[in-house]
Amino acid sequence: MKLALTLFMLLFAANAFAQDAIIVGANGDRTDDGNGAGASLHWVRSRADTTLIAGALVASFPGTRWRYAVAGGSRKLNARTMLTGEANIGNGDDARGSFRYLLLRGGGTYDVLPRKLSAEAEWLHVDVARQRDGVLRLGATATLLPRLVLRLSRYESLAGDGDTSLLTMRGDYDLGRMRPIIGFAYGHAGTVFSQQTGSDATRVRDLFGGATFRGWTLVVTAGHDRQSIAVSRRIALPFGGSP
């Protein structure tokens, strides 16, 4: 499933509010090779300067299956700087047998212009489906209008076996109760992004759009050889949250 991980990150960003919550997600994918599906469950604990995340994801695609646990969080160091980290640990199997699923993410965000522009840098250590890779992500988030937010990310393989070179952009427009989402992904991506174990690099030419509404997020993706739909539901817990 192309960009399963990337789109999950985008979905999660749309739901990470400052209150303890459970986020339930599901996705379906259709390609010339067959159909696939996945599901996820995450718990988010938010406090004044710290957010913790724990959860799990399972997925099945033509010829391969994945399952891994997720643990991570973010810590605000000061008014402008925030550090983030996450570990995805599990395994999968395909026609060649079982393999390890390990993805470690670490990075930071700096507010260049408070509430207007932030810069992001992140390193991804990948050991998935017998492919090892080191990917650098550079990104920016800009508030162009009071209600319009644009997010841009560039992924590049700098070490290991992978050959990822990927550009993603997402725009959100806040209409109050509803927030439309639109974006694209362009380039080529390795196994950890494509979720396909038969190729070291997969061409990506994807458009996606959707919306968040009353805790629901729906995103539909159309690529040059596939279509997918992903939905998540954020359920606020009656306790916790930022003091």
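R132 counts as exposed, at 51% relative accessibility, where exposed means over 50% relative accessible area, buried under 20%, and partly exposed in between (1.4 Å probe, protein chains only). Its salt-bridge partner is D127, with the closest N and O atoms 3.5 Å apart; a salt bridge here is a side-chain nitrogen of Lys or Arg within 4 Å of a carboxyl oxygen of Asp or Glu. D127, at 8% relative accessibility, counts as buried.

Keep in mind that this is a predicted model: local features need pLDDT of at least 70, side-chain atom pairs count only at pLDDT 80 or more, and totals for chains, interfaces and linings use all residues. Residues are numbered from 1 along each chain as its sequence is written, and side-chain values use heavy atoms, with hydrogens and water left out.

Back to the charges: the structure holds 13 salt bridges. One of them joins the side chains of D93 and R65 at 2.6 Å, N to O. D93 lies in strand β5 (residues 81-94) and R65 in strand β4, so this pair ties together parts that are 28 residues apart in sequence. Strands are DSSP runs (E, at least two residues), numbered from the N terminus. D93 is buried at 15% relative accessibility, while R65 is partly exposed at 44%.

D172 and R151 also form a salt bridge, their closest N and O atoms being 3.2 Å apart. Since D172 lies in strand β10 and R151 in strand β9 (residues 148-160), the pair ties together parts that are 21 residues apart in sequence. D172 is buried, with a relative accessible area of 4%, and R151 is partly exposed at 26%. Then there's a network of salt bridges linking E86, R105, E120, E122 and R137.

Now for the strands, which pair if DSSP finds at least two bridges between them. β2 (residues 34-46) and β3 (residues 50-61) run antiparallel, joined by 10 bridges, and form a hairpin with three residues between them. L41 has A56 in β3 as its bridge partner. β3 pairs in turn with β4 (residues 64-76), again in the antiparallel sense, over 12 bridges. That hairpin has two residues between its strands, and G63 in the turn has a positive phi of about 85 degrees.

Most residues other than glycine have a negative phi. R115 has a positive phi of about 65 degrees although it is not a glycine; R115 sits in the loop between β6 (97-113) and β7 (117-128) and is exposed at 74%.

How values were computed: Helix = DSSP H or I, 4+ residues; strand = E, 2+ residues; numbered from the N terminus.
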